[in-house]
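Subject: Structure for your review

Dear colleague,

Please find below the structure that I am handing over to you. My notes on what was found in it follow directly after.

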Amino acid sequence: MAYPPPETWMARALELARRGLYTTHPNPRVGCVLVKDGRLVGEGYHARAGEPHAEVHALNAAGDAARGATAYVTLEPCSHHGRTGPCAVALIEAGVARVVVAMEDPNPAVAGRGIAMLREAGIEVTVGIAEDEARSLNAGFVRRMDHGRPFVRLKMAMSLDGRTAMQSGESQWITGPEARRQVQRLRARASAVLTGVESVIFDNSRLTVRADQLGLPDAEAIATRQPLRVIVDSRLRLPEAAACLTEPGRTLVVAVEGVDEERIERLTRAGAEVLTLPAGDDGRVDLDAVLRHLAEVEQANEVLLETGATLAGAMLDAGLVDEMQLFVAPTLLGGDARPLFQLAGIETMAHQRGLEILDIRAVGQDWRITARPRRRSQAR
């Protein structure tokens with residue numbers, strides 16, 4: 001009798017892990033299935049930090065059938081005590097015979113220790129099945145653990161002629177409701193939403209996840225966790241009456257050191273948290289320092305960058321954008337409208353910034369382009 005190959009079971013584990021797409025912050029998304037004699041005997045996924053991990057859910061579902069089974073896990077089982085016990089120990093005590101792991105955990109507190117613990121207990125361990133898919137699902141967690149900063153996803157909405165707003169700043173709405181629903185889902189999966197003060201001043205943006213626009217069956221539960229709202233505001237120009245300051249969740253305003261203390265106090269009373277950081281070479285907030293603060297202090301895995309041309313261009317210039325989600329509407333705004341990016345140093349074709357297109361698809365009447373910036377050495 002032919003049994004399904006390991007890739008089939010790992011694909012199911014990844015499917016389960018995706019159920020935690022909007023809810024596991026700051027933990028990674030993990031799925032697990034238990035298979036015995038070619039039959040699924042238990043499965044589970046990690047839903048929220050502080051709750052049982054995927055392996056525990058799968059073991060509970062399998063019961064005694066877990067003994068002698070093979071566990072397929074999308075991330076190396078943990079070996080340390082956190083808010084929950086170590087999953088490697090749980091698998092050992094349940095008597096599983098084999099563990100197939102998609103990828104090693106990049107968390108230094110685990111980093112191969114879980115795999116070593118399993119092998120020391122006499123359990124066969126295979127690593128690397130569907131590793132690329134597992135890494136993609138947890139790109140933010142991997143980025144935070146490996147590089148000390150979050151994965152930054154830039155979202156922009158533009159007309160077919162590459163414009164984002166009228167000269168006056170008016171921008172609602174360029175794209176249709178289906179594209180805006182996708183943006184709500186990008187916000188919901190993010191640990192933080194990052195923007196510039198100019199965008200907030202022009203749009204009075206709330207930067208919240210709105211349950212009625214998500215279009216998901218568990219939208220109300222997802223929207224109970226609002227991503228951290230982060231506003232880059234070097235000189236503290238944010239109005240105290242800004243709508244985002246009255247919304248559920250937290251608003252962090254980042255300014256340069258030495259700004260007016262009275263202004264800090266007034267914004268704090270209005271509902272903001274104010275963080276001051278050393279200025280960069282241009283006298284403005286050091287953007288890399290912002291991201292490192294978000295990774296280290298806020299444990300942010302994914303940051304959604306929703307902003308205007310100036311901050312978007314500065315983030316690209318600094319090499320801090322990992323992925324771009326560009327929503328293109330079938331409309332024209334004209335040459336006087338605002339451009340997509342303000343980029344420094346582009347004077348000849350040799351200076352152009354190359355992109356790698358990952359995906360293009362229709363979203364209602366609009367198009368969504370998923371791309372990532374090429375390294376300067378990769379530019380055409």
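This is a predicted model: local features need pLDDT of at least 70, side-chain atom pairs count only at pLDDT 80 or more; totals for chains, interfaces and linings use all residues.

The crossing of α2 past α3 is left-handed. On the side of α2, the contact is made by Glu55, Val56 and Leu59, while α3 contributes Cys87, Ala90, Leu91 and Ala94. Sorted by class, this contact holds six nonpolar residues and one charged residue, with no polar ones.

UniProt, in an unreviewed entry, lists His53, Cys78 and Cys87 under the feature "binding site". These residues are spread over 35 residues of sequence, yet they cluster in space, with a largest C-alpha distance of 9.2 Å. His53 sits in the loop between β2 (39-45) and α2. Cys78 belongs to the loop between β3 (70-73) and α3. With a relative accessible area of 7%, Cys78 is buried, because buried means under 20%.

A further "binding site" feature in the unreviewed UniProt entry comprises Ala157, Trp173, Ser234, Gly308, Ala309, Thr310, Leu311, Ala312, Gly313 and Ala314. These positions span 158 residues in sequence and their farthest two C-alpha atoms are 28.0 Å apart, so they do not all gather at one spot.

Gly308 is placed in the loop between β12 (302-306) and α13 (309-317), and its relative accessible area of 23% makes Gly308 partly exposed. Setting aside residues up to four places away in sequence, Gly308 touches Met156 and Ser199. Gly313, in turn, is part of helix α13. Gly313 counts as buried, at 0% relative accessibility. Again without residues up to four places away in sequence, Gly313 touches Phe341, Gln342 and Leu343.

Arg263 deserves a separate note. This arginine is located in helix α11 (residues 261-270). Is Arg263 buried or exposed? Arg263 counts as buried, since its relative accessibility is 15% and the cut-off for buried is under 20%. Apart from neighbours within four places in sequence, Arg263 is in contact with Leu236, Arg237, Leu238, Pro239 and Glu240. The C-alpha atom of Arg263 is separated by 35 Å from that of Met145, a residue 118 places away along the chain.

Finally, some points on the backbone. His25 and Pro26 are joined by a cis peptide bond, with omega at about 0°. Pro26 has its place in the loop between α1 (6-17) and β1 (31-36). Ala130, although not a glycine, has a positive phi of about 60°. Ala130 is in the loop between β5 (124-127) and α5 (131-137) and counts as partly exposed at 23% relative accessibility. Asn204 also has a positive phi, near 50°, in a residue other than glycine. The loop that holds Asn204 lies between α8 (197-203) and α9 (211-214), and Asn204 is partly exposed, with a relative accessible area of 39%.

Yours sincerely

Conventions
Residues are numbered from 1 along each chain as its sequence is written. Side-chain values use heavy atoms; hydrogens and water are left out. UniProt positions are given in the numbering used here, feature names are shortened, and annotations may be inferred rather than shown by experiment. Helices (H or I, at least four residues) and strands (E, at least two) are DSSP runs, numbered from the N terminus. Buried means under 20% relative accessible area, exposed over 50%, partly exposed in between (1.4 Å probe, protein chains only). Contact means heavy atoms within 4.5 Å. A crossing is left-handed if the near helix is turned anticlockwise from the far one by less than a right angle, and right-handed if clockwise. Ala, Val, Leu, Ile, Met, Phe, Trp, Tyr, Cys and Pro count as nonpolar, Asp, Glu, Lys and Arg as charged, and the others, Gly among them, as polar.
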